[in-house]
Amino acid sequence: MRVTFSVEVNGRVSRCRVGRSSGIPELDTLTCNLIEQRFRFRPSTDPVGRAIADEVEYEHEWTVNRR
């Protein structure tokens, strides 16, 4: 699956949205919720070094362990 989200100037994630679905809507929602709750980044910077918001594309693959 592919998601796009914003990294704000404080390094937190917002506005996660699914670009390519996993095929399971509940898993897509869970993925964005987890990304927004748990991911933290060092923000991008402008030419003089000030933190700026930026967009990130992220690909994630879920796997199932069957025992």
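This briefing covers the helix, the nonpolar core and the salt bridges of one structure. The model is predicted: local features need pLDDT of at least 70, side-chain atom pairs count only at pLDDT 80 or more, and totals for chains, interfaces and linings use all residues. Residues are numbered from 1 along each chain as its sequence is written, and side-chain values use heavy atoms, without hydrogens and water. Helices (H or I, at least four residues) and strands (E, at least two) are DSSP runs, numbered from the N terminus.

**Helix α1**

- Helix α1 takes in residues 25-38, and Pro25 is part of it.
- Pro25 is exposed, at 54% relative accessibility. Exposed means over 50% relative accessible area, buried under 20%, and partly exposed in between (1.4 Å probe, protein chains only).
- Asp28, Thr31, Cys32 and Ile35 are the buried residues of α1. They cover an arc of only 90 degrees around the axis, so they sit on the same side of α1. That arc is taken from the directions from the helix axis to the C-beta atoms.
- Glu26, Gln37 and Arg38 are exposed on the other side of α1.
- The cover over the buried residues of α1 includes β1, β2 and β5 (54-59). Contact here means heavy atoms within 4.5 Å.

**Nonpolar core**

- The largest nonpolar core has 8 residues: Met1, Val3, Phe5, Val7, Val13, Cys16, Cys32 and Ile35. Such a core is a set of buried Ala, Val, Leu, Ile, Met, Phe, Trp, Tyr and Cys residues joined through side-chain atoms within 4.5 Å.
- Two or more residues of this core come from each of β1 (2-7), β2 (13-20) and α1. β1 gives the most, with 3 residues.

**Salt bridges**

- There are 6 salt bridges. Each is a side-chain nitrogen of Lys or Arg within 4 Å of a carboxyl oxygen of Asp or Glu.
- Arg17 and Glu55 form one of them (2.6 Å, N to O). Arg17 is in strand β2 and Glu55 in strand β5, so the pair ties together parts 38 residues apart in sequence.
- Arg20 and Glu59 form another (3.0 Å, N to O). This pair links strand β2 to strand β5, 39 residues apart.
- Asp46 pairs with Arg50, with the closest N and O atoms 2.8 Å apart. Asp46 is buried, at 17% relative accessible area, whereas Arg50 is exposed, at 55%.
- Shared partners join Arg2, Arg20, Glu57 and Glu59 into one salt-bridge network.
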